[in-house]
Amino acid sequence: MIAAVVIPAFDLRAALRLRPALEAVPAALAPLPGSEPLLGSVTAAAEAKGVRPGMRLGEALATCSELVLVEQDPATAEQAWEEVLRRLEDAGFAVEPAEAGTVYFETRGVERLYGGLEPALKRALKAVGPAWEARAGAAERRFAALAAASVARPGQALIVSDDRTRRFLAPLPLSLLPLERDRYEELEELGVRTIGQLAGLPGAAVAERLGPDGRRAWSLARGERDGRVVPRRPAEPLHETLEFPEAVGQELTLRRGLGVLVDRLLARPDRTGRPPRKLALWARLAGGASWRRTITLREPTADPARLRAALGPKLAELPAPALKLRLEVVELAEGTGEQLELVRAEGEVLQGRLKEGLRQVRAAVGAGGVATVVEVAPWSRIPEARALLVPRDD
């Protein structure tokens, strides 16, 4: 079976770790500077007052005047999520993180390890820790496992057998499906408010109205197979940190600090000579907030000048002076170099470029960023119903 572990509003919980008193009051993640004024995750107290994630800031403050806005802390959230994943891996679970707060794993191996499905799920919740109020779900389908974990109580493990997947999903809200907010509203205007109501509609009509995303949501609502778990390969932490005696806002000084971090990182013996493919630049800002940017290199390189040229422009995006700067390797290249050929066969150059492009896309957006077209109903008069985009595994 496939299991899912869900921590609701993980980004907000991570930001409130240093301010636990706000967990009991109406609070929400503030919009990022320069972005659309939409709220992020909200606490249970804020939800009880009528505040919802994605609500416009002005509307939320008018709904709940005592709402506390919490500044987003993406670096702290990512670090906390990595800690959760490593605790699960240390307990024997081969995990596939979907997003911060949601992780999947296959239960076949750990059932033998812990003496059954339910004990394995309980062990996973224990590995996450009680402070996160995680919940777990298991089913034969990924989406059914996610839905089970989403409706479970904190600390509960909910198991859905394959023969009652459709009945279990039917009364659940549409918000569990991977659709844009406008699509939810469009379906609700048509009187479709539950997963079961969507599953009862003709697939061709859903595809015509909502496109490929709607057709995929319809397939998930019907409990059809939706992919397997692809565990991540745990990487050893590889980073260097530079702490300034006082807050630094001058870009020239920050660039010099970045150069020191690049030299230190490339000198690390645990890099084993492999060049970085993807890096992250992290800063602790004056006032306590954090800032983080990632960059995927077109070609893996260990040339300090090229790394500084790629990372340097990111420093101009810092919204405030920095107290601490950290450079970390998110992904290393698989090889230490490239063996060149004297004469290449016809077509190999183009094929090599295509493979390298696919690797860059996967490194930047994840395995689901590369898809192929699969015909499902070539006879249909509706273009959107003739084929689906399916993630590639190769």
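**Entry 1: the setting.** I am working with a predicted model, so every value here is computed. I looked up the aromatic pairs to start with, and the structure holds 4 of them.

**Entry 2: Phe10 with Trp81.** I picked this pair and found it edge-to-face, with 5.3 Å centre to centre and 70 degrees between the planes. Phe10 belongs to helix 1 (residues 10-15) and Trp81 to helix 4 (residues 74-90), so the contact ties together parts that are 71 residues apart in sequence.

**Entry 3: Phe10 with Trp132.** Next I checked Trp132 against Phe10: the ring centres are 4.7 Å apart and the planes stand at 25 degrees, so I log this pair as stacked. Trp132 sits in the loop between helix 6 (117-128) and strand 6 (135-139), while Phe10 is in helix 1, so this pair ties together parts that are 122 residues apart in sequence. Trp132 is buried, as is Phe10.

**Entry 4: charges over rings.** Which ring does the charged end of Arg142 sit over? I found it over Tyr104, 4.1 Å from the ring centre. I also noted Arg326, which lies over the face of Trp282 at 4.6 Å from the ring centre.

Technical notes: Residues are numbered from 1 along each chain as its sequence is written. This is a predicted model: local features need pLDDT of at least 70, side-chain atom pairs count only at pLDDT 80 or more; totals for chains, interfaces and linings use all residues. Side-chain values use heavy atoms; hydrogens and water are left out. Rings of Phe, Tyr and Trp (its six-membered ring) pair if their centres lie within 6.5 Å; planes under 30 degrees apart count as stacked, over 60 as edge-to-face and the rest as tilted. Helices (H or I, at least four residues) and strands (E, at least two) are DSSP runs, numbered from the N terminus. Buried means under 20% relative accessible area, exposed over 50%, partly exposed in between (1.4 Å probe, protein chains only). A charge sits over a ring if NZ of Lys or CZ of Arg is within 6 Å of the ring centre and within 35 degrees of the ring normal.
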